[in-house]
Amino acid sequence: MFSLNRSAFLNNPASISGSFPDKHRRILPTRVVVAGSSNRDKSNGSLLMATDESTATLKEMRDGYAEVVDPKSGVSGGVQDVYGEDTATEDQPVTPWSVSVASGYSLLRDPHHNKGLAFSEKERNSHYLRGLLPPTVISQELQVKKMLHNIRQYQVPLQKYMAMMDLQERNQKLFYKLLIDNVEELLPIVYTPTVGEACQKYGSIYSRPQGVFISLKDKGKVLEVLRNWPEKNIQVIVVTDGERILGLGDLGCHGMGIPVGKLSLYTALGGIRPSACLPVTIDVGTNNEKLLDDEFYIGLRQKRAIGQEYAELLHEFMTAVKQNYGERILIQFEDFANHNAFDLLEKYGTTHLVFNDDIQGTASVVLAGLISAMKFLGGSLADQRFLFLGAGEAGTGIAELIALEISKQTNMPLEETRKKIWLVDSKGLIVSSRLESLQHFKKPWAHEHEPVKELVDAVNAIKPTILIGTSGQGRTFTKEVVEAMASLNEKPIIFSLSNPTSQSECTAEEAYTWSQGRAIFASGSPFDPFEYGDNVFVPGQANNAYIFPGLGLGLIMSGAIRVHDDMLLAAAEALAGQVTQENFDKGLLYPPFKNIRKISAHIAAEVAAKAYELGLATRLPPPKDLVKYAESCMYSPAYRTYR
Ligand SMILES: NC(=O)C1=CN([C@@H]2O[C@H](COP(=O)(O)OP(=O)(O)OC[C@H]3O[C@@H](n4cnc5c(N)ncnc54)[C@H](OP(=O)(O)O)[C@@H]3O)[C@@H](O)[C@H]2O)C=CC1
Ligand SMILES: CC(=O)C(=O)O
Ligand SMILES: [Mg+2]
C-alpha cells in the first residue's frame, strides 16, 4: 500500500518516485481515490493517492489506467470499464471511484494549481501537459486581460457573476488576480448588488458546492460534516442561516451566495489564503413560501426550526468548529435575522472568536465615514444629532458604536451619549412610551418624546444633522425627507445603507438633486458618479466590505482569541485615516476600493495592536512593524513556478 500527499507530490514529484517500483515510474502521477472520508489520511486529512486496501486492491496500473477489483462486490472491469460501473445493474451498488492524476489532465482541473495557457514549456514537459494545451504560452496578465474582455461582453450582471464563479472553480489564482486588479469594476459582481440576485436564483445557477451545507438532517453529525470539507487549516468561517439576506428577506439555503461572496473578499481585499476560508450555510428550513414551492430550491423543504431545535443545531456547529479548527478560528455571523443575531453574538462572544458583520462590521464602517466627515467638515460627533430609519442589527449596531465613540471622546457616560441618537422602526420613532413592547436591542434608544409615525415628521421633530437608512426598504428617503434634511443643514449627511441597490433608501441622484448638490452621501451598494450643475459627485460606498477583511486579518495575524469593541473603534479610525482631502473634494467619505489591500493592512495593524494592548493576542512577541507584517501575510494570486 502506498499513500502520498498530493501537495507533497506537486511540490516535489521526484522525491516521491523512489517509493515506487521502477516499472510504475511513468504512471506516477496516477492516483486512485474512493470518494468520501474513508480514504482520507487521518493524520493530515489529505486524500490518499492510492486505493484503500480495505475496500479494493490495486491490481495493475498501466499507462495511466488502473484496473481495480473490489473484493466485496467482485466487480471488475478492463480498460473500458475500469471500475465496473458500466456493467453494474441499477440496483447493484458501485464504489464512487475516481482516477485522478496529480499532474497532466487533473492538474488542469485542479483550481488551486491550474494556470491554463500560462503553464510554461518546462512545466508542460514535467507535468504531462503536452498535447493537453494548445501550443501558445501566455502570461497571467494576458489571461486577466482576456477574462476581463470576456466578462465585459456580458450585458446581464448575473452572467458576469456566473462567469466569475466559473473562473473561481477553474483557476483560483486567475480569479483573484482579476478581482484584485479590477476591484472597483468587479466588486459589484461578486458582491452587492449582483450577489443578491445570485442568491435569489441560487437554485438555478448552483453547479458545485462552494462551501459546507449543514442542515437539520446533520444533527449529531456536524463534526463529521465539517470534516468532509477538503481543506483542513481553516482560519475564518462566514456562516449564515439565510434568514435575512441583504434587504431581500428569507432566502433559506440560497443564502450560501453571501458567505461565498464575503470570503472571496476576505482573500481579495484582506489577503487571507483562499484555502483558509470556509463558507457555511446552516439550513433550518425557510419561511419563504415561494422558495418552498420552487422546484429548483436546494434547501430543506420545511418551515424554519425555531427555539430549542434551532439553538441545539447552532450549538453543535459552534462546538464542532472549535473542536475541528481550534480556539483561534474566526467565525463571522452574516445575515441572520435579528431575533437570532443578537442572541448568538451575546452567547458566543465570550467563548469564541466571533463577530456579527451586520451589527459590528457595519458599525465600524459607518463610524469611519462619520469620523472622516467631521475631519473635513469640521465639528465633532458629539455636536451631531443622528436619526436612523431602521432599528435592527445595522441600525442599533451603528448607533451603539457611535455612542461609545462619543463617550470615549467626551468622557460622557454612555447613557448620555445615546440620547443624541434616535431611531425609527416600522412603527415610527422609538420613544419611551413604547418601551414595554420593544425588542431588547431597541430599549436603550427609547428616549422621551411624543410618538411620531412618519419619517419626515421625525426629521422635522428631531432635526438631525445625520440621517442613516438601515431599513432594508427602498425609496423610503423620499423627496420630502431629503428636502427636509437639506432645509435643516447646509451639508446634510445622508447614508442609504440598505442593500442591494433596489433596497437603497434613495439613489445618489436623488440625494444630490433633492439637496441641490449639498448632501454628503454614501450608500451600501455602489452608485455611479453623478453630474449635478458644474460638479461631478462620486458617492462613497459605506459597506462593511471595507472593514471585515482587514479586521479578520488583524485578528488572525495577532492570534486574537476574542473580538472587543475597541478593535471596531480602532478599525474605524484606521479606515478614516486613509481618506484624503482629494477624496473628500470629490464627495467621498471613504478611500477608493482600488487601494483596499493597503487600507486593509492598516486596519489589520490597528486591530492587532489593540489585541496586543488588551492582552487578547496569542502570537507573541508582537511584530515590530504591524503594517509591514500585515502586508507580508497577504495571499498573492501570482502564479508559482512548478518544478
Ligand atoms: N451597507 C452595509 O454595509 C450594510 C447594509 N445592511 C443593510 O441594512 C438593511 C437592514 O439590515 P438589518 O439591520 O440587519 O435588518 P433588520 O431586519 O435587523 O432591521 C431592519 C429594521 O428596519 C425596520 N423597517 C423595516 N421596514 C421599515 C419601514 N418601512 N419603515 C421604517 N423602518 C422599517 C425594521 O423595523 P421593525 O423592527 O419594526 O420590524 C427593523 O428595525 C439591509 O438592507 C441590509 O442589506 C446591513 C448590514 C451592512
Ligand atoms: C453588506 C451586508 O453585510 C449586508 O447588506 O447585509
Ligand atoms: Mg450582511
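Predicted model: local features only at pLDDT ≥ 70, side-chain atom pairs only at ≥ 80, totals over all residues.
Figure 1. Asn233 and Thr501 are 268 residues apart along the chain, and their C-alpha atoms are separated by 36 Å.

**Figure 2. Division of the chain into domains.** The chain is divided into domain 1 (107-170), domain 2 (193-356), domain 3 (360-542) and domain 4 (546-633). Between the C-alpha centres of domain 1 and domain 4 there is a distance of 33 Å.

**Figure 3. The second largest pocket, between domain 2 and domain 3.** Because domain 2 (193-356) and domain 3 (360-542) both give residues to its lining, the second largest pocket lies between them. The space in this pocket amounts to about 770 Å³. Its lining is made up of 36 residues, of which Arg244, Leu246, Thr470, Ser471 and Gly472 are the closest to the centre of the pocket. The elements that give two or more residues to this lining are α15 (338-348), α16 (357-377) and α17 (393-410). By residue class, the lining of the second largest pocket holds nine nonpolar, 18 polar and nine charged residues.

**Figure 4. The magnesium ion (ligand 3) and its donors.** Glu334 (OE), Asp335 (OD) and Asp358 (OD) coordinate the magnesium ion (ligand 3) at 2.0 to 2.1 Å, and along the chain these donors follow the spacing E-D-x22-D. In the unreviewed UniProt entry, the annotation "binding site" covers Glu334, Asp335 and Asp358. Although these residues are spread over 25 residues of sequence, they cluster in space, with a largest C-alpha distance of 6.8 Å. The lining of the second largest pocket includes Glu334, Asp335 and Asp358.

Figure 5. Glu334 is placed in the loop between β8 (330-333) and α15, and Asp335 lies in the loop between β8 and α15. Glu334 has a relative accessible area of 1% and is buried; Asp335, at 1% relative accessibility, likewise counts as buried, because the limit for that class is under 20%. The backbone of Asp335 has a phi near 55°, a positive value in a residue other than glycine.

Figure 6. A "binding site" annotation in the unreviewed UniProt entry covers Arg244, Asn499 and Asn543, and the lining of the second largest pocket includes Arg244, Asn499 and Asn543. Asn499 is found in the loop between β14 (493-496) and α21 (508-514), where its relative accessible area of 15% makes it buried. The peptide bond that leads from Asn499 to Pro500 is cis, with omega near -10°, and Pro500 lies in the loop between β14 and α21.

Figure 7. The peptide bond from Leu620 to Pro621 is cis, with omega near -5°, and Pro621 belongs to the loop between α25 (596-613) and α26 (626-633). Tyr128, in the loop between α4 (121-126) and α5 (140-153), has a phi near 60°, which is a positive value in a residue other than glycine. At a relative accessibility of 43%, Tyr128 counts as partly exposed.

Notes. Residues numbered from 1 in each chain as written. Chains lettered and ligands numbered in written order. Heavy atoms only, no water. 1 Å grid on protein atoms, 1.4 Å probe; cavity = no way out; pocket = protein on both sides within 12 Å on 5 of 7 lines; lining within 4 Å. Points joined across faces, edges and corners; volume = space filled by probe spheres on them. Helix = DSSP H or I, 4+ residues; strand = E, 2+ residues; numbered from the N terminus. Nonpolar A, V, L, I, M, F, W, Y, C, P; charged D, E, K, R; others polar. Domains from an automatic or database assignment. Donors = N, O, S within 2.8 Å, 3.2 Å for Na, K, Ca; no water. Buried < 20%, exposed > 50% of the residue type's maximum accessible area, 1.4 Å probe, protein only. UniProt positions renumbered as here; feature names shortened; annotations may be inferred.
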